[in-house]
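Me: Please show the structure, so that its parts may be discussed in turn.

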Amino acid sequence: MVNVSRHLADDEELVHATRQQWTQIVGAFVVLVVVWAVATALLWVSPSDKDWGTVARYVVLGLAVVASLWFWLLPLMIWRSTVYIVTTKRISVRKGFLTKTGHSIPLTRVNDVEFNATLWQRILRGGTLTIQSGSEHGTLELKHVPDPEGLQSLIYSAVEEEQQHHQWGGAVPPATG
């Protein structure tokens, strides 16, 4: 579960929070397995003499650790630190673990929410949402979202509720009958 309570203002409630789809880190895991398979093979065939063999083993292990950090841990941290948040007031994207960035669109400014999913993404139940707003920044793109159609529907419901709340100044709209 994503903990986003620190990103909420006093007057808003969390509607939905998610990370990018887990498939984003599968490639990094495959690279990790390949790096350590190659390192193991190199250690297996490295010379057994005391001087050169020891140095070769340390070099192979060092390179495997550096490659693991670069090709597995870094993508994992990027995936873990990317959060998509829908509240009762806005839609936000928060990214970064060393350098943080964020982009928010107030729900009252949302004009359109479009989703796109390739065949492969549909099989894995993911896709991309593009949110167009009436602000100067224009669009917000949420890539590799789990269940983009469900999130699109949820955003439309939140937008409609916030626009009604904004239109009536917090009062309950009159009943139509």
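Me: Which strand is joined to strand 6 by six bridges and covers residues 139–146?
Reply: The model is predicted, so local features need pLDDT of at least 70 and side-chain atom pairs count only at pLDDT 80 or more, while totals for chains, interfaces and linings use all residues. Residues are numbered from 1 along each chain as its sequence is written, and side-chain values use heavy atoms, with hydrogens and water left out. Strands are DSSP runs (E, at least two residues), as helices are (H or I, at least four), numbered from the N terminus, and two strands pair if DSSP finds at least two bridges between them. The antiparallel partner with residues 139–146, joined to strand 6 by six bridges, is strand 7.

Me: Which residue of strand 7 is the bridge partner of Gly127?
Reply: Strands of a sheet pair through backbone hydrogen bonds, either parallel or antiparallel. Here strand 6 and strand 7 run antiparallel. The bridge partner of Gly127 in strand 7 is Val145.

Me: Which residue of strand 6 is the bridge partner of Asn116?
Reply: Strand 5 (residues 110–116) also pairs with strand 6 in the antiparallel sense, over six bridges. The bridge partner of Asn116 in strand 6 is Thr128.

Me: Is Thr128 buried or exposed?
Reply: Thr128 is found in strand 6 (residues 126–133). Seven of the eight residues of this strand are buried, so strand 6 is largely enclosed by the rest of the structure. Buried means under 20% relative accessible area, exposed over 50% and partly exposed in between (1.4 Å probe, protein chains only). With a relative accessible area of 14%, Thr128 is buried.

Me: With which residues is Glu141 in contact, leaving aside its neighbours within four places in sequence?
Reply: Glu141 has its place in strand 7, and at 41% relative accessibility Glu141 counts as partly exposed. Contact means heavy atoms within 4.5 Å. Sequence neighbours within four places aside, the contacts of Glu141 are Thr128, Leu129 and Thr130.

Me: What is the order of the open sheet of four strands?
Reply: The pairing in this sheet is antiparallel; for instance, four bridges join strand 2 (residues 83–87) to strand 3 (residues 90–95). The order is 1-2-3-4.

Me: Which strands stand at the edges of that sheet?
Reply: Each edge strand has a single partner strand, so one side of each is left without a neighbour in the sheet. The strands at the edges are strand 1 (14–19) and strand 4 (101–106).

Me: How far apart are the end C-alpha atoms of helix 2?
Reply: Helix 2 holds 32 residues (residues 50–81), which at 1.5 Å a residue should span 46 Å. The expected span is 1.5 Å times one less than the number of residues. The end C-alpha atoms agree with this, being apart by 44 Å.

Me: At what angle do helix 1 and helix 2 pack?
Reply: Axes are lines fitted to C-alpha atoms, for helices over the stretch in contact, and angles run from 0 to 180 degrees between N-to-C directions. The axes of helix 1 and helix 2 are 9 Å apart, and the packing angle is about 175°.

Me: Which direction does that give helix 1 relative to helix 2?
Reply: Angles under 35 degrees count as roughly parallel, over 145 as roughly antiparallel, 65 to 115 as roughly perpendicular and the rest as oblique. Helix 1 is therefore, relative to helix 2, roughly antiparallel.
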